[in-house]
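I opened the model to look up a few things and wrote them down as I went. The entries follow in the order I checked them.

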Amino acid sequence: EGKVRRCSGEFACPYQQVEHLKHFVSRRAFDIEGLGEKQIEFFFQDPDLPVRTPADIFTLAERDAAEPVKKLRNKEGFGEISVRNLFAAIESRRVIGLDRFIFALGIRHVGETTAKVMARAFGSWAAFEAAAFRVAKGDLEAREEMDAIDQVGDTVIEAVGRYFSEEHNLAAVEKLVARLTIVDAEKPKADTA
C-alpha cells in the first residue's frame, strides 16, 4: 500500500507518449484549438500522418501538403474548413512564453506554478536548458542554484534532472525547439530602494 509503479520511459513509452501529447496541447500548455484528446489519439494511431512527439504537431501541415493522396481532409471527421482551422491554430502556437513551454514539456512535479517560477528565475530557454543539463549531469552547483529558487526543492530538481538525462526526451525537445519561438520570461525586478 502506498507504492506506485511508474513507467520511466517518458516519450519512449507509447502510453506515456499519448498522455504527454494530451498534456502538451491542453489549455494551460499550448492550448491548440481543435486538437484535443480524441484528435491526439487519432493522430497517434494514424499511419499516414502520425503524431508521436510534440514536434510532429508542427509538421502536420507540411506533411499533409507533401502527400496529396494522404490529405487529412479526406479522412473521416475532417473536412476542408476543419483542416484549415486546425492548421491555422497550430501555426498560431509557434510562438509561446517560456513558462507555458516548460509546463507543456510535462516534466513530472513541474506544474503550472513551478513552471512560471522557473521561467522567471532563468529568463530564457537557453538558461533553463543549460541549468537542466547541468543538473542532469550531477553538477552540485547547478542543483544549489536551482534549489535557491523559491518553491523549487529536491523533488522538482530530481525530476528535471531525470527528464533531461533521457536521450529520447532530449531528442523530442530538440526537434520541438527548432520549430518554435520561445519568448523569454520577464525577470523579477530587483529592489532599488
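I started with phenylalanine 133, which is partly exposed because its relative accessible area is 29%, between the 20% limit for buried and the 50% limit for exposed. I note here that the model is a predicted one. Next I looked up phenylalanine 164, which at a relative accessible area of 2% is buried.

I then checked how the two rings sit. The ring centres of phenylalanine 133 and phenylalanine 164 are 5.8 Å apart and the planes are at 90°, so I logged the pair as edge-to-face. The pair links distant parts of the chain, 31 residues apart. I found phenylalanine 133 in helix α8 (residues 125-136), and phenylalanine 164 in the loop between α10 (154-163) and α11 (167-177).

How many aromatic pairs does the count come to? I got 14 aromatic pairs. One of them is formed by phenylalanine 122 and phenylalanine 128, with ring centres 5.7 Å apart and planes at 75°, so this pair is edge-to-face. Phenylalanine 122 has 15% relative accessibility and therefore counts as buried. Phenylalanine 128 is at 0% relative accessibility, so I put it down as buried.

I followed the ring pairs onward and found that they link a cluster. Its members are Phe24, Phe30, Phe58, Phe101, Phe122, Trp125, Phe128, Phe133, Tyr163 and Phe164.

I also looked for a charge over a ring. I found arginine 52 over the face of phenylalanine 44, at 5.0 Å from the ring centre.

Which residues of α5 are buried? I listed Val83, Leu86, Phe87, Ala89 and Ile90. These residues cover an arc of only 160° around the axis, which means that they lie on the same side of α5. An α-helix has 3.6 residues a turn, so residues three or four places apart point the same way. On the other side of α5 I found Ile81 and Arg84 exposed.

I then asked what the buried side meets. The buried residues of α5 pack against α2 (37-45), α3 (54-57) and α4 (60-66).

I located serine 26 in the loop between α1 (14-25) and α2. Its relative accessible area is 23%, so I recorded serine 26 as partly exposed. I also took the distance to glutamate 37, which is 11 residues away along the chain. The C-alpha atoms of serine 26 and glutamate 37 are separated by 8.6 Å.

I counted 11 helices and 2 strands. Along the sequence I read the pattern as α-α-α-α-α-β-α-α-α-α-α-α-β. The radius of gyration is 18 Å, close to the 16 Å that the globule rule gives for 193 residues, so the chain is as compact as a globular protein of that length. The C-alpha trace spans about 60 × 50 × 30 Å along its principal axes.

Of the 193 residues in the chain, I found 42% buried.

Methods
Residues numbered from 1 in each chain as written. Predicted model: local features only at pLDDT ≥ 70, side-chain atom pairs only at ≥ 80, totals over all residues. Heavy atoms only, no water. Buried < 20%, exposed > 50% of the residue type's maximum accessible area, 1.4 Å probe, protein only. Helix = DSSP H or I, 4+ residues; strand = E, 2+ residues; numbered from the N terminus. Arc of directions from axis to C-beta. Contact = heavy atoms within 4.5 Å. Phe/Tyr/Trp six-rings, centres within 6.5 Å; stacked < 30°, edge-to-face > 60°. Lys NZ or Arg CZ within 6 Å of the ring centre and 35° of its normal. Rg over C-alpha atoms; globule rule 2.2 N^0.38 Å.
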